[in-house]
Amino acid sequence: MSAPFQRIVVGLDLAPADCSPTSGSLAAYQTARWLAGGGAHVVLLHSLAQQEYFDPLTNELVALCGSVTPEGRAQLSALLEELRARGATASTVDSREPASLAIAREAAQRQADLVLLGKHDGREVDASRIGPIALRVLRESTTAVWTVTPGRPIEPRTIVAATDLTQTSSEAVACADRIAALAGAELHVVHVQPPALHTRPGSKSEREQRTREAMTASLPAERRAAAKLHLRVSSPAQGVLELCEELEPDLVVFGALAHKRDKPGVIGSTAERLIGRLETSLLVLRPA
């Protein structure tokens, strides 16, 4: 099976004291190192545009590393060598643009297929909490975005892929399966539909069989039997949240389709509800 990603941009948040990666950024880097095999290229990007930002949750200013000290540069060089030892090519970028803009520009220039970020800098007790930069990138990026929860396993053991049976969701399921194959993880695919307002054609068992087939249609034939399927009747976000409470997965994968073709920067309401409430690492895909 092919590697899930080949061109990866990692957003690094560096601690102001010594310019070392925060625990969230280090988790993102470690995920990139795990994913990056031979032929992959990884860019480690740090924004020097601002030295602090206001965090509305804590109602305080958070310091950022506005320059990279020689000691910090040595640490970044060590990270590059680790990536190269894995067979990947790697480079660093210091940008003078705000972090979210720098990441978007670098991802576009590199034709990246993944952006990796720490979900937060590691100070948060609430695992569902997303830092403001990660949240903005999740909402605005046209590239797939993986936000990594610090302190969780780098190689996921349980993965949940949510699908509404659209093309973007099918791609999300296929992507989740490639990651599951790489990690030897258990893959769960969930489809949640609201209660029917009218009688649908065919028997209930026939409808469920068609839905199950559609849920795994994007997977290789030899992988379909391994996926564990879940059909739920609820509001889409609530159904996914309930399953995640039961399974406690390490990674949740879903599409961010907004059904607003004239607003490509808008994510769907279901994705928006999930982003702020899931405690796991998140991988969000956008329409091609």
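Two strands count as paired when DSSP finds at least two bridges between them. In this predicted model, strands S1 and S6 meet that mark, pairing in the parallel sense over 3 bridges.

S6 itself is well wrapped up. Of its 5 residues, 5 are buried, so the strand is largely enclosed by the rest of the structure. Both of its faces are covered, with Leu114, Leu116 and Gly118 buried on one side and Val115 and Leu117 buried on the other.

Now for the whole sheet. It is an open sheet of 10 strands with mixed pairing, and the order reads S5-S2-S1-S6-S7-S12-S11-S8-S9-S10. At the edges stand S5 (89-95) and S10 (228-233); each has a single partner strand, so one side of each is left without a neighbour in the sheet. On average, neighbouring strands are turned by 20° against each other, ignoring direction. Further along that order, S8 (residues 158-162) and S11 (residues 251-255) run parallel and are joined by 3 bridges, with Ala161 sitting opposite Val253 in S11.

Helix H1 (residues 23-35) touches S1 (7-11), S2 (41-47), S6 (114-118) and S7 (145-148), and its direction makes about 145° with that of S6. Helix H2 (residues 70-85) lies across S2 and S5, running at about 150° to S5.

Phe5 is worth a stop along the way. This residue belongs to the segment before S1, and its relative accessibility is 4%; because buried means under 20%, Phe5 counts as buried. Leaving out residues up to four places away in sequence, Phe5 touches Leu35, Ala40, Asp113, Leu114, Trp146, Cys175, Ile179 and Leu283. Cys175 on that list is 170 residues away from Phe5 in sequence, yet the two C-alpha atoms are 9.2 Å apart in space.

Finally, the holes. Searching the whole structure turns up 2 cavities of 30 Å³ or more.

Note on methods:
Residues are numbered from 1 along each chain as its sequence is written. This is a predicted model: local features need pLDDT of at least 70, side-chain atom pairs count only at pLDDT 80 or more; totals for chains, interfaces and linings use all residues. Side-chain values use heavy atoms; hydrogens and water are left out. Helices (H or I, at least four residues) and strands (E, at least two) are DSSP runs, numbered from the N terminus. Axes are lines fitted to C-alpha atoms, for helices over the stretch in contact, and angles run from 0 to 180 degrees between N-to-C directions. Contact means heavy atoms within 4.5 Å. On a 1 Å grid over the protein atoms alone, a cavity is a set of points where a 1.4 Å probe fits but cannot get out, and a pocket is an open set with protein on both sides within 12 Å along at least five of seven lines; lining residues have an atom within 4 Å of a point. Grid points are joined across faces, edges and corners, and a volume is the space filled by probe spheres set on the points. Buried means under 20% relative accessible area, exposed over 50%, partly exposed in between (1.4 Å probe, protein chains only).
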